[in-house]
Every structure is written in C-alpha cells, then in structure tokens.
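Morning, everyone. Please take a look at the chain on the screen, and then I'll walk you through it.

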Amino acid sequence: MPKSDNSLDRRLPQVEKLLKQIRITLSLIPDFPAKPKMTYRNATWRSLVAAFTLVCLSVSMPAKGLVQEPILQTGESVEPPQPDGAVTVSSEQQTETNRDSIARGVVFSDVDKDGRFGPGDSAFVGIRVSNGKEIVVTDQNGRYEIPIQEGGAVFVIKPTGFRTALDANKLPRFFYLHKPNGSPQLKFPGSRPTGPLPQSIDFPLYQQPEPPAFKILLFGDPQPRNNTEVDYVAQDVVSELIGDKSAFGVTLGDIAFDNLDTFRTLNQTIALIGIPWYNVIGNHDLNLDATERENINETFEATYGPSYYSFDYGQVHFVVLDNIDWAAPTEKIQRWHYEGGLGEQQLDFLKKDLAMIPETQMVVLLMHIPIISIKDKSDFFKLIEKRPYCVSISGHTHDHRHLFLGKEDGFNGEKKHHHIVNVTVSGSWWSGARNDNQIPHATMTDGAPNGYSIMTFDSNGYRLDFKAAGLPASEQMRVHVAATVDTNETQNTDVWVNVFNGSEESTVKMSLDNDDEWIEFRKTLEPDPHFVDLWKRDEGVEPKLSKPKDCFHLWTQKLPAGILPGVHLIRIQTTDRHGRTYHAHRSIRVTGTQVPSAQATHSPEATVTGGEE
Ligand SMILES: [Zn+2]
C-alpha cells in the first residue's frame, strides 16, 4: 500500500487520472451491447456508476476497483460485475515501479458465481499460469506469482473440465493485460490504461462436462471489409449454426480485413451461435499504423487477449499460435511487412507448454499462416516431431488442403505430420457474382465453396468435415463434365471431380449407368475447370474473383469409349482417409447416330434408374 498522503498537490495527478478514466468509461456507455435488465444504457446503472465515481472522488481514494475492472481486460466495454465475471483484480495496487513487476493471484472455482474469490469458492492447485514466456503452476493455496512486463499479459491455461469466464460475446476471458498507460494512439483503438498492477489478479473457473468425444467449429478467414460483409458472415454461415452444440469455435485469423472496427460486429454475429469462441491472429488483424513493432497487435489484444496461448478441452491440448512476424523493410520489400514466423520467445513458450503435456495426449496447433510458409518451421517441427498425436490447422490461403509433411518437408517425425489448411468463411474474399440473397458466391480459387470445418475428437482420434455454406452436409464434391458429347468423342471427354475435403489418401471412382464396373480416377494438380469457367463468367464483377489456383483435391478421368447416344448417368464415389464414402452423380447426353459397336456397353435405356446411393 502506498503511504497515506493528504497533500492536494500530490493527489492531483491521481484525481486527473481518475477523471480521465471516468471520461473513457462514460464515453463507452452508448456502445455497450444491449443485455436484458443490466445494461449501461439503463439509466439506473449509469446513475450507479456516476454515484460510485463521486463517492470515490469525495473520499479522495485512488480509483481502486472502479475502472480497474473487466473493462481493462476486455478492452471492449465497461461491464457491471457479472455473476460469470471476467478475471478479477483486487482493489489494492502494487508499489513496484520498475518495468518488470510480479503478477500474483489465485485460480479458483467460482462456486458462488460472483466472479470473486471469497468464502465458499475453492482454490485450484497445480493450474498453469503463463506470461507468454514462463509457465508456473498454482500452489496448494491456488496462488501463483509470475513476472509481468509492461505491455505484457498474464493468462491462465484452462484446465479440462472447467471453463474460464466469458464476456457478453462468449469470448473467453482468460487473461489480464498489463498496459498501465494503455495503448498508444492508433487508428483502431487498443487497450485503455490498466493502471498500476493490481495486488491480486484472480482467475475464476467454472465447472463444465468435457467428455472425450466432442466437436469444434473452425472458421478460416471471415475477413469482412466492412459491416456489409459481416452481414454476409451472418446470413451465409452463422445463420445455419445458431444453437450448434459444438464445444467451442475458433477463427483461424484474418478475422478482419485491415478494418479492425469489424471485430466488434463480427464478435456479436458469431456470438449468436452461442458457444465459446477462440481467436487466432492473422496478418489482416494488425494495427498497420503502429510505429513500433510491439504495438502491431494492440487492437487484437484489447479485444481477444494475448496473441498466443493454450488451453485444454476434454483430453485434447490446444495451442493458439501467432505466426505473423512483423518485419522491417528489406531491399526486396521496402516497407514494414509481415512474414510467417513464430520467433524465439513464442517457440520457447511452446516448448515449455508442450513439456507439460504427455506425448500420449492429443495436441492441436492453431495458427493463421500454413506451417510450410513460416521461416522458423524447422525449430517448430523439432518441438512436435516426437509427438504421435499432433495435428496443426491454419487458414490464410483461401483454399482447402490436407498436407502430410515428411522428411522432404523438413519434418523428421516417425509419422508424417498432418497439417490442414482450412476452408475460409469468406471463400475468395467475398467476391464473385451475387446469389438471390445478394451474397457473392465467393467460391474459393481451388473451386471449393466457402464454408467452415467441423472437427470431431475422440480421445486421441480426430477427423475433419468440410461444410459448404448454405449447402446440405452431404454436398462434398462437384462433378464437372460437358453436358453433351458426341458418341465418337466420349473417350476424349474429361470428367473432373473436386472433392472439397479430399486428400492424397482419398480415392475417387466412377461408374456409368447401372454398371458394377468402377473406373478409378487419377489425382491431378491443376485449376478446377469449373472455377476457371466461373472466373471467366464473373469478369468485371467487383470485388474481382481471384485467379484460379491449382486445386489440391481434384481428380480426373476420361469417359469410356463408345457410349451410345442417349442420356446417361455418371455415378461418382469417393472414400476419404477415414474410410467414409460419399456419392454424387451427373447426367450426360450423348449425341450422334453411331451404329452400336461390339464395345458399346452403355445403352440409354439403362439411365432411367439410379440416383443418390
Ligand atoms: Zn492471411
């Protein structure tokens, strides 16, 4: 405690600071999201805030506890104490004045749900708490202490069976940001001043069932340019997920498209799903006007917390990584720019984090830039190559891919490492012609539709399902073939199958009409001709559809020779790496008057039956 001091002169800076904080507090009121009963729009609450403020002033107390509240961790809005509150801080402040202070607190089961550690709550022993460099565990009294730097954060690593506090938008509040003077002035606001380090930074946890089998939702790059595009996210993707029962969701970076004002509306939109939502930082989520490298994440941090962290759910350990490295101008790129990289400090955190996770446990690494494009991937690979149960997932490239990384990629594990580049919510950045709902089709440059993934875990096992926005879950591929073909040309006619979630471990085959004979397809690496057609068709449509790119899940085969004139059915069957089979079909009209030859096995009469299997 600072010594009591009644000199007006010496109190003046405190009073000024408090007034500033009050001004900030009150300026936020109109933006506070509507909540039933308890909102700051509500005049009663406003009066209460004002009254409390006046009381604080009149007794010339430092602004203890008033704005040192969740406001300072959430960076979003002033919230009244919530039963399900965020990280709580004590009313005392530390006296340390050096840049490195010690953060102390307790991790507790908030039994009475008042957000504060008190009688009736129980402290947790052995819970991991980190500052992004060190990881400590709570002692027998649930207490931790860890150094914290100005501008840094302290966070709890959520243990299995408990959740952290959530804010009004279901964003996990698992951290405390230590920015005594707040973020610098930036185009998109960062954190408000958090003031001196509180004496106790406490993390409440809430018990929840976490069975070994559970699902999560994965959103790649929603990337809205503005609120109209946030509406696309709402109508095209979120609307079909309202009430979804997944354990939680993750946005894999490029939450925004440089316009960080969209964080707020997007958070409110995704919150409609009704599940906790974690966020990974992407290269379009940065404060591009920051003049110092360390200020590039200010708005992200103020909204979502530290840019890398970890947590447990069920039997799985999740690590969220920040692989956006802000790099100084070079001869080649003569401005500040991003590169893919984790940096020494984060790699060190990852090493310490994984050291506490048994090798028999499933580890999921979530990042924005695909693992193959980060400059320190070899150091990164060393940390995971001994883990038999480890998968990593990214976004960023706006196509969908399964990579199996081996020695040729610098990964020296016994088993190949599975890296998934996830389908994006924005598809090809919300471009292309609009549908009936005025939403761009946004087909990705690999020809797959925009959408999201559903990942299912069961102990150490996992699988990923592709879900195209607005289409039934059974829509897993697109068959591309000419609508009509001359009977003399069938053997020169290509059939293309784009299996959206296909990998090198998938198989694709076709059968004509009701034949039992199946013809295997060949996997190919080239642009999907369906997308090439779309791209030509949409020329001149703004925003412009991106150029077709090689598709990593495309198969091709020729039609058999000598198909007789008439309408025929092409049946396609694909089996994925988990042995699951999906079906599709496509009709083709064969023209011409060729006299049936001995090889001609497909007669038009055979096409009247068939259909979805
Ligand atoms: Zn990106």
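I'll start with the whole chain, then go through helix pairs, a hairpin and a sheet.

First, a caution: this is a predicted model, local features need pLDDT of at least 70, side-chain atom pairs count only at pLDDT 80 or more, and totals for chains, interfaces and linings use all residues. Residues are numbered from 1 along each chain as its sequence is written.

The protein chain has nine helices and 33 strands. Both are DSSP runs, numbered from the N terminus: helices are H or I with at least four residues, strands are E with at least two. Of the 613 residues, 45% are buried. Buried means that 20 or more other C-beta atoms, placed from the backbone, lie within 10 Å of the residue's own.

Now the helices. Take α4, residues 227-237, and α5, residues 262-271. They pack at about 20 degrees, with axes 10 Å apart. Axes are lines fitted to C-alpha atoms over the stretch in contact, and angles run from 0 to 180 degrees between N-to-C directions. α4 and α5 are therefore roughly parallel, a term for angles under 35 degrees.

Which residues of α4 and α5 meet? Asn 227, Val 230, Val 233 and Ala 234 in α4 meet Thr 262, Thr 265, Leu 266 and Thr 269 in α5. Contact here means C-beta atoms, placed from the backbone, within 7 Å. That contact has four nonpolar, four polar and no charged residues. Nonpolar covers Ala, Val, Leu, Ile, Met, Phe, Trp, Tyr, Cys and Pro; charged covers Asp, Glu, Lys and Arg; the others, Gly among them, are polar.

Next pair: α7, residues 343-355, and α8, residues 377-384. Their axes come within 10 Å and cross at roughly 5 degrees. That makes α7 roughly parallel to α8. The α7 side brings Leu 347, Leu 350, Lys 351 and Leu 354, and the α8 side Asp 379, Phe 380 and Leu 383. By class, that is five nonpolar, no polar and two charged.

On to strands. β23 (451-458) and β24 (461-468) run antiparallel, joined by eight bridges. Strands pair if DSSP finds at least two bridges between them. Thr 456 has Arg 463 in β24 as its bridge partner. Two residues sit between the strands of this hairpin, and Ser 459 takes a positive phi near 50 degrees.

Last, an open sheet of five strands, with mixed pairing, in the order β26-β33-β32-β28-β29. β26 and β29 are at the edges with a single partner strand each, so one side of each has no neighbour in the sheet. β26 pairs with β33 in the parallel sense, over three bridges.

How values were computed
Angles under 35 degrees count as roughly parallel, over 145 as roughly antiparallel, 65 to 115 as roughly perpendicular and the rest as oblique. Two residues are in contact if their C-beta atoms, placed from the backbone, lie within 7 Å. A residue is buried if 20 or more other C-beta atoms lie within 10 Å of its own, exposed if 12 or fewer, and partly exposed in between; C-beta atoms are placed from the backbone.
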